[in-house]
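Please keep the sequence and the model at hand while reading.

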Amino acid sequence: MRIAGWLDSLRRDFPECKLAAFADLSAGMVLASSADVPMPQERLDRLCATAAELLAGDSARRIAAVCAQPLDQWPAHAMAIDGDEIGLFLRSEHEASDALCCLVETAQGMEDFLISARQKLDAISAGQ
Amino acid sequence: MPGNDPHHDAQVARLSARLAALRRPSAVVAKARRTLEAANPLAAIANEIDETLLPRCLNFKNDRGETMGLDVASGRVLSVAHMALQADAHDFGSLPGHAFFDADDPKCATLIRAMQVFCQDISELTVKATIVPEPQGFTNIGVSLQTLEQQVMALPPAGADPQERMARFWTASRGLVLAAVRCSGGEIAETTGAPTELDHLLALARDELAEADAEADAPGCRALAWGGGMESSVFYMVLGCANEIALIALPARNFGKLTRLWLAG
C-alpha cells in the first residue's frame, strides 16, 4: 500500500484525526499527508519541525539525559498541546528518521489511536 | 350513613386500605446494583436524582472504586450521606454529612465539583438505592437539579484562572502519576511521588524555571509530553498555564487519562 493509503486508513478509522503526515526527520520534510482540508506546505513544515524537536531535538535529548532514558530508542511518542490543538508524534522504532505527525481534535480514545498509528507507521517503515 | 349503605362501606374500606398501603414503606426498592450509562455519567446521575421521589439514599460507584451516596427525595438532593474519592481535594472532605438546606447553600458548587471529579474519565457507573432509615428527619428542602445546573452555568469557565486550573488538575491527577512537581510564581511549590522519578522531575523543574523567566508572559495553556513504548514505559509531561507549571512522571497506561484531565480544565 502506498504511504498515503496508510495515512488515509488511519484517518478513516479515527475521524477525529484532522491530519496525518509521514515525515523524514533527518531531511525535515513531510513526504506524504492526509487531511480533511489540504494544508499549506508552510504549516506542514512547521509540524515537521515540531516533530523533529520533540522526538530528536534538544528537548528530547535533555529529557532523555535527565530521566536516564536511552536516546537512541527514546522517545517513541511525543505530544504538544497549544490551545485546543493536539499534536501527536510517533517515531519509528525501525527507522529512526521516520515519523508520523498527527493533529487530532480530541483526546478521547487516544490510547487506541496511538496503537493504530504505531501499526501504520511500522507498516510504512517496513515498506509494506 | 356508615353502616347503613354497604356500597358506601365498601368504598370507605377500599380507600382506607389504599391509604394504609401508602403509609407503609415501599417494598419495591431495587435490591441489586444497577448499571447506568457511563458515556455521560453526570447526566445519568442527574436522571437518577430527578426520578427519585420517595426518600432514598442513592449509592453511586464508579470503576475506580470511588463511591458517592446522596440522600434524595422529591427529585432533590437533601444531603451527602458519604463520599470516597481518590482525589484528596481540600474542600471535598466537608461534604459527607452536609445537609443542603436550600438552593443558596454555598456548598452547592463544591458538590458539583466533586460530582465532576467522580465522573471524570470513568467507564463504569452503577447505583443502588436504599431506604433512608429516618425520613422524618428531613427538615431541609434540599437543592433541585435545576438549581445545580444553574450553579454550574454560573461557575467561572474551567481554566479561567490558571492557579485554579492547575489546582484542580493537581488534585484530580493524584493516583494517576508516579511523581509530580508543581511550580508556581517561579518557585517549586509542591512535590509528590517516588523518589527516583521525583529527582528527575526536580532537575527538569529547575531548568524549566530558568527558561520560564524568559517567557514570563507566555499566554494560554500548553502541554508537552514524551514517552517510550505504550506497553510499560514511563511518560513525562510538562504542563503550563501562565506562571503555573506541573511536571509529571506517569505510567504509559495513564497517558490518555491525564491528557483528557488536563484538557478538561
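Is Ala68(A) buried or exposed? Ala68(A) is exposed, its relative accessible area being 61%; buried means under 20% relative accessible area, exposed over 50%, and partly exposed in between, with a 1.4 Å probe and protein chains only. This is a predicted model, in which local features need pLDDT of at least 70, side-chain atom pairs count only at pLDDT 80 or more, and totals for chains, interfaces and linings use all residues. Residues are numbered from 1 along each chain as its sequence is written, chains are lettered from A and ligands numbered from 1 in the order in which they are written, and side-chain values use heavy atoms, without hydrogens and water.

**Loop residues with positive phi**

- Ala68(A) is not a glycine, yet its phi is positive, about 55°. The loop that holds Ala68(A) runs between helix H3 (58-66) and strand S3 (77-82) of chain A; helices (H or I, at least four residues) and strands (E, at least two) are DSSP runs, numbered from the N terminus.
- Ser74(B), also not a glycine, has a positive phi of about 55°. It lies in the loop between strand S3 (67-73) and strand S4 (76-84) of chain B, and counts as exposed at 53% relative accessibility.

**Strand S3 of chain A**

- Of the 6 residues of S3(A), 5 are buried, so the strand is mostly covered.
- S3(A) pairs with strand S4 (residues 85-91) of chain A in the antiparallel sense, over 6 bridges; two strands pair if DSSP finds at least two bridges between them. His77(A) stands opposite Leu90(A) in S4(A).
- The hairpin of S3(A) and S4(A) has 2 residues between the strands, and Gly83(A) in this hairpin takes a positive phi near 70°.
- S3(A) also pairs with S9(B) in the antiparallel sense, over 6 bridges. There, Gly227(B) is the bridge partner of His77(A).

**Helices of chain B**

- Helix H3 (residues 108-119) of chain B has 12 residues and should span 16 Å at 1.5 Å a residue, which agrees with the 17 Å between its end C-alpha atoms. The expected span is 1.5 Å times one less than the number of residues.
- H3(B) is largely enclosed by the rest of the structure, because 10 of its 12 residues are buried; among them are Cys108(B), Leu111(B) and Phe118(B).
- Asp121(B), which follows H3(B), has a positive phi near 60°.
- In helix H5 (residues 162-172) of chain B, the buried residues are Arg165(B), Met166(B), Phe169(B), Trp170(B) and Thr171(B).
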